[in-house]
Amino acid sequence: MKRLRLALVFGAVAGLASAGGATENRGLPGNGPAAYKEDGRYFTEDGVPTYFIAEDGTVDWLTFSGFRRYHAECHVCHGPDGMGSTYAPPLKDAVERMDYYDFVYIVSNGIQNVDVSHQNVMPTFGQNKNVMCYIDDIYVYLKARGDGALQRGRPAKREDKSDAVASFEAECMAGG
Amino acid sequence: MKKLFAFTSVAALCAGSAALANDELLELMNDPTQWVIQTGNYANHRYSGLDQINRENVGNLQVAWTFSTGVLRGHEGSPLVIGDTMYVHTPFPNIVYALDLNDHGRIKWKYEPQQDSSVIPVMCCDTVNRGVAYANNTIFLHQADTTIVALNAETGEVKWTAVNGDPSIGETNTATVMPVKDKIIVGISGGEFGVQGHITAYDMETGELAWRGYSVGPDDQILFDENTMSLGKPVPANSSIDSWEGDQWKIGGGTTWGWYSYDPDLNLVYYGTGNPSTWNPSQRPGDNKWSMTIIARDADTGMAKWVYQKTPHDEWDYDGVNENILVDKEIDGEMRKLLVTFDRNGFAYTLDRATGELLVAEKYDPAVNWATHVDMDPASETYGRPMVVADYSTAQNGEDVNTTGICPAALGTKDQQPASYSPQTGLFYVPTNHVCMDYEPFRVSYTAGQPYVGATLSMYPAPDSHGGMGNFIAWDALAGEIKWSIPEQFSVWSGALATAGDVVFYGTLEGFLKAVDAETGEELYRFKTPSGVIGNVMSYEHDGKQYVGILSGVGGWAGIGLAAGLTNPNDGLGAVGGYAALSDYTALGGQLTVFKLPD
């Protein structure tokens with residue numbers, strides 16, 4: 001039920017594989033989880049957004065964009081590079097424990113862990129365009145960190161933003 | 001004898017009117033056996049006149065007693081001691097304990113507010129609280145959710161409550177309040193949520209709002225009139241709204257969460273305003289007045305007497321809230337009433353606190369590079385402004401460009417951790433950060449109650465230096481010079497205390513309480529407390545014995561920024577992750593440790 005609702009709400013946001021469009025580069029080089037590329041985004045075989053890092057270290061656009069958005073929106077609680085802080089847990093490890101859909105659900109709806117020894121509260125970001133328009137970006141960045149595919153710090157080289165990603169971003173940020 | 005004095009003072013407070021209470025509070029501040037205000041005194045000296053513990057014997061210091069606060073979060077601020085009672089506060093949920101110093105710290109009363117936990121995530125950078133205030137037999141607590149509570153100091157009973165802001169739009173509180181005459185002066189947090197910052201005075205007896213001065217907005221909201229001065233000239237009408245585009249001032253920031261000071265003779269309250277919102281300067285053209293500003297306001301009316309904007313059109317999050325320390329010193333043969341501030345932007349400013357005249361502006365960390373200097377020529381068009389270096393200007397480089405190697409980082413050369421001033425040595429003792437950054441601004445949209453940041457930062461220890469992230473320095477404010485500097489592995493995030501025993505105390509993020517020689521900086525004592533220290537050192541006397549107290553409990557911005565350690569991508573892959581991680585040294589905690597000399 002939860003999954004279904006998520007798929008309905010976020011299918012459009014996430015640009016899932018079912019969206020159609022030009023599929024390219026099936027059988028991508030390297031050992032990463034990316035199975036194919038579509039409109040400048042990379043996906044696993046199951047159609048879940050993921051990262052792609054070329055042999056020379058060039059990261060895909062979403063991973064780079066996720067680095068930026070993470071360090072604007074998430075970093076003030078979860079620490080630099082997804083490493084966690086005294087205040088909130090490391091998200092690079094969280095994305096290894098939970099799948100993409102649960103990640104989007106928690107970011108959208110928040111989560112609480114409040115008892116005698118915990119005071120952890122994550123707010124709901126579902127209405128925050130700075131987060132939700134970039135939720136795939138943030139996810140694939142953290143996944144790359146969690147998988148150990150991406151070192152700490154700013155990625156040195158990146159792919160360019162595709163036209164499809166640019167127009168999605170413009171529509172999403174302008175939308176109500 | 002000293003106890004008798006304390007007793008009569010408290011008795012007088014109970015009986016006296018609120019206006020009288022201020023005189024009594026002034027008297028209590030001058031009694032070194034007590035610690036009645038977070039800042040030590042109205043001048044923010046954080047100096048103790050006690051000298052039983054001195055540079056000869058401080059090496060023998062030992063733990064006298066400890067107290068667990070029951071909360072595992074960043075512990076900023078310090079306890080107060082009034083008479084035979086110590087008042088200890090905690091981070092969210094903002095518990096207050098009254099401890100009986102005559103009975104091994106027995107809990108006389110405990111106050112625990114009920115606050116909606118949804119306030120936790122709208123507090124940028126941990127749920128810290130910088131402590132309670134005291135006046136008129138009342139303890140004043142300003143909770144995270146901006147509820148102000150007046151508690152009977154003897155019983156903990158609630159006298160009144162008032163609400164200063166709305167957490168659902170990101171308005172929260174981390175600061176203490178300042179009792180002045182018959183009012184308490186109160187600030188607000190939320191600069192990263194696009195709030196319109198303000199300072200507010202409430203009636204001490206009733207909690208009724210007396211006046212409110214915004215940091216940004218129309219003149220009737222910022223309480224400016226034709227007599228408000230800046231750099232020797234009257235401030236023109238609409239000075240704030242003319243320095244923003246359209247209605248941007250309404251979400252313009254300029255929050256007020258630092259330490260305040262007060263000059264009873266001039267009847268002026270001094271404080272600094274924080275960064276403009278967002279962190280992306282291209283989204284808010286103009287000087288963004290009066291963010292990043294020292295403001296002097298009349299304590300009775302709130303009307304602004306003078307203002308000085310330290311960082312017009314901030315491009316680096318140099319959140320200008322740091323404390324203003326009031327000292328009287330001779331300049332060119334004339335005694336001057338001065339104000340000294342160690343700003344986040346890396347400049348230490350000295351101003352005439354009666355007029356706002358700018359006298360000194362010098363870097364207090366040689367690593368500072370975003371500006372060459374502050375224009376000190378009154379005839380110049382850019383008088384009083386920092387001369388920004390184009391390479392380090394995130395506005396000139398523009399959106400989506402990563403500006404690298406900026407010093408200091410957004411943490412500032414110093415954050416809120418308060419400095420101390422010793423009238424004995426004439427020196428300021430300043431806890432500092434030694435951290436630089438890369439800063440990339442980009443476009444963000446505003447949603448009420450959601451973070452409104454708009455920049456990506458990478459921070460790393462200042463290059464070509466000692467490799468650590470902090471220094472503890474002694475500063476000569478007249479010469480504008482560092483007298484000595486102690487390198488520290490981590491930022492020094494603890495408020496310093498200088499004493500008449502020629503000792504200066506401070507805490508470190510690893511959890512040490514350190515004592516150093518006030519003249520030379522030589523280390524005389526260290527003790528590792530259970531958790532990292534971001535609290536402020538205080539001292540008091542009980543039964544003829546001097547005590548030194550410090551709260552442990554790592555957290556705050558330091559706990560977020562430094563827990564995992566810093567990296568410098570510019571160092572190349574080999575060095576990434578090579579800097580110390582705070583999590584290797586300390587874990588969450590919440591404890592008060594009190595020290596004394598052996599019996």
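Predicted model: local features only at pLDDT ≥ 70, side-chain atom pairs only at ≥ 80, totals over all residues.

User: What is found at the start of α4(A)?

Analyst: There a side-chain oxygen of A:Asp99 comes to within 3.1 Å of the backbone nitrogen of A:Tyr101. A polar contact needs N or O atoms within 3.5 Å.

User: Which residues of helix α4 of chain A are buried, and how do you know that they line one face?

Analyst: The buried residues in helix α4 (residues 100-109) of chain A are A:Tyr100, A:Phe103, A:Val104, A:Val107 and A:Ser108. Viewed down the axis of α4(A), the buried residues fall within an arc of 125°, so they line one face of the helix.

User: What makes B:Asp103 and B:Arg106 a salt bridge?

Analyst: Their side chains meet at 3.0 Å, N to O. The cut-off is 4 Å between a side-chain nitrogen of Lys or Arg and a carboxyl oxygen of Asp or Glu, so the pair is called a salt bridge.

User: Why is B:Asp103 called partly exposed, and why B:Arg106?

Analyst: Buried means under 20% and exposed over 50%, with partly exposed in between. B:Asp103 has 34% relative accessibility, so it counts as partly exposed. B:Arg106 has 43%, so B:Arg106 counts as partly exposed too.

User: How do you know that B:Asp317 and B:Arg344 tie together parts that are apart in sequence?

Analyst: The side chains of B:Asp317 and B:Arg344 meet in a salt bridge at 3.7 Å, N to O. B:Asp317 lies in the loop between β20 (304-309) and β21 (324-331) of chain B, and B:Arg344 in the loop between β22 (334-342) and β23 (347-352) of chain B, so the pair ties together parts that are 27 residues apart in sequence. Both B:Asp317 and B:Arg344 are buried.

User: What makes B:Glu323 and B:Lys414 a link between distant parts of the chain?

Analyst: B:Glu323 forms a salt bridge with B:Lys414, with 2.8 Å between the closest N and O atoms. B:Glu323 is in the loop between β20 and β21 of chain B, while B:Lys414 is in the loop between β27 (403-406) and β28 (420-422) of chain B, 91 residues apart.

User: Why are B:Glu323 and B:Lys414 called buried?

Analyst: The limit for buried is under 20% relative accessible area. B:Glu323 is at 1%, so B:Glu323 counts as buried. B:Lys414 is at 0%, so B:Lys414 is buried as well.

User: Which residues are joined into one network by salt bridges that share partners?

Analyst: They are B:Asp263, B:Asp265, B:Asp328, B:Lys337 and B:Arg353. Over all chains, the whole structure has 39 salt bridges.

User: How many salt bridges cross the interface of chain B and chain A?

Analyst: There are three. A:Arg68 forms a salt bridge with B:Asp400, and their closest N and O atoms are 2.8 Å apart. Against the cut-off of within 4 Å, that distance qualifies.

User: How many residues does each chain bring to the contact, and what area is buried?

Analyst: Chain B brings 42 residues and chain A brings 37 residues. Together the two chains bury about 3,200 Å², 55% of it on carbon and sulfur atoms. B:Arg73, B:Pro121 and B:Ile560 supply 17% of the area that chain B buries against chain A, more than any other three residues.

Methods
Residues numbered from 1 in each chain as written. Chains lettered and ligands numbered in written order. Heavy atoms only, no water. Buried < 20%, exposed > 50% of the residue type's maximum accessible area, 1.4 Å probe, protein only. Helix = DSSP H or I, 4+ residues; strand = E, 2+ residues; numbered from the N terminus. Contact = heavy atoms within 4.5 Å. Buried area = accessible area lost by both parts, 1.4 Å probe. Arc of directions from axis to C-beta. Polar contact = N/O pair within 3.5 Å; in protein donor to acceptor, adjacent residues only side chain to side chain.
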